[in-house]
Amino acid sequence: MSKYLEKAEELRAIEVPHHNCAQSVLMSFGSLLDMDADTLYKVAVNFGGGMKCGSTCGVITGGLMALGLLGADDAETAEFFFRTIAENHSECSDCRDFLRMNEEAGNPKKQHCDGLVYESVALVEKILKDKGIIE
């Protein structure tokens, strides 16, 4: 398992303070950024729960923040990241849709959200490796 996925698991296991999906994805790459954990936490605080209104899922916004801060900031990369997550989930990208589908399937919410966080972290890591930004 990569150190970024390990960090994501560590963050998702912390109960207080809670780390939303956007925070969990962004903060998983904190070791690569010139920003302290508290700043990263605050940057992504309003992006959990689909920007607190059920819109674009925090795993997407957190992933896009990480990619941008790490230099993978071109439109093609952002579109690929967004499209890949959506294609993996019946073309959904909104938190409310992810949660509705998960509830209909009868799965625990935390387990579902954790899985989305890990998927996003793995995809960000793959993109960064493919672009030669990390080894």
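How far is the sulfur of Cys57 from the closest cysteine sulfur, and in which residue does that closest sulfur lie?

Tutor: Happy to. First, a word on what we are looking at: this is a predicted model, in which local features need pLDDT of at least 70 and side-chain atom pairs count only at pLDDT 80 or more, while totals for chains, interfaces and linings use all residues. Residues are numbered from 1 along each chain as its sequence is written, and side-chain values use heavy atoms, with hydrogens and water left out.

Now to your cysteine. The closest cysteine sulfur to that of Cys57 belongs to Cys21, and the gap is 5.2 Å, too far for a bond. A disulfide here means a pair of cysteine sulfur atoms within 2.5 Å. Cys113 also has Cys21 as its closest cysteine partner, with the sulfurs 4.5 Å apart, and that again is too far for a bond. Searching the whole structure gives 0 disulfides.

What about solvent? Buried means under 20% relative accessible area, exposed over 50%, and partly exposed in between (1.4 Å probe, protein chains only). Cys57, at 3%, is buried, and Cys113, at 12%, is buried as well. Across the 135 residues of the protein, 46% count as buried.

Let's step back to the fold around them. The protein has 8 helices and 0 strands, and from the N terminus its elements read α-α-α-α-α-α-α-α. These elements are DSSP runs numbered from the N terminus: helices are H or I with at least four residues, strands are E with at least two. The radius of gyration, taken over C-alpha atoms, can be set against a globule rule of 2.2 Å times the number of residues to the power 0.38. For 135 residues a compact globule would come out near 14 Å, and the protein's 14 Å agrees. Along the principal axes, the C-alpha atoms fill a box of roughly 40 × 35 × 30 Å. A contact means heavy atoms within 4.5 Å; among contacts between residues at least 6 apart in sequence, 61% join residues at least 24 apart.

Thr77 gives you a local example of such packing. Thr77 sits in helix α6 (residues 75-87) and is buried, at 5% relative accessible area. Leaving out residues up to four places away in sequence, Thr77 touches Leu67, Ala72, Ile127 and Lys131. Pro17, 60 residues from Thr77 along the chain, has its C-alpha atom 31 Å from that of Thr77.

Pro17 deserves a look of its own. Pro17 lies in the loop between α1 (3-13) and α2 (21-28), and the peptide bond joining Val16 and Pro17 is cis, with omega about -5 degrees.

Met51 is found in helix α4 (residues 48-54) and has a positive phi of about 60 degrees, although Met51 is not a glycine. Lys52, also in helix α4, has a positive phi near 65 degrees, again in a residue other than glycine. As for accessibility, Met51 is partly exposed at 35%, whereas Lys52 is exposed at 56%.
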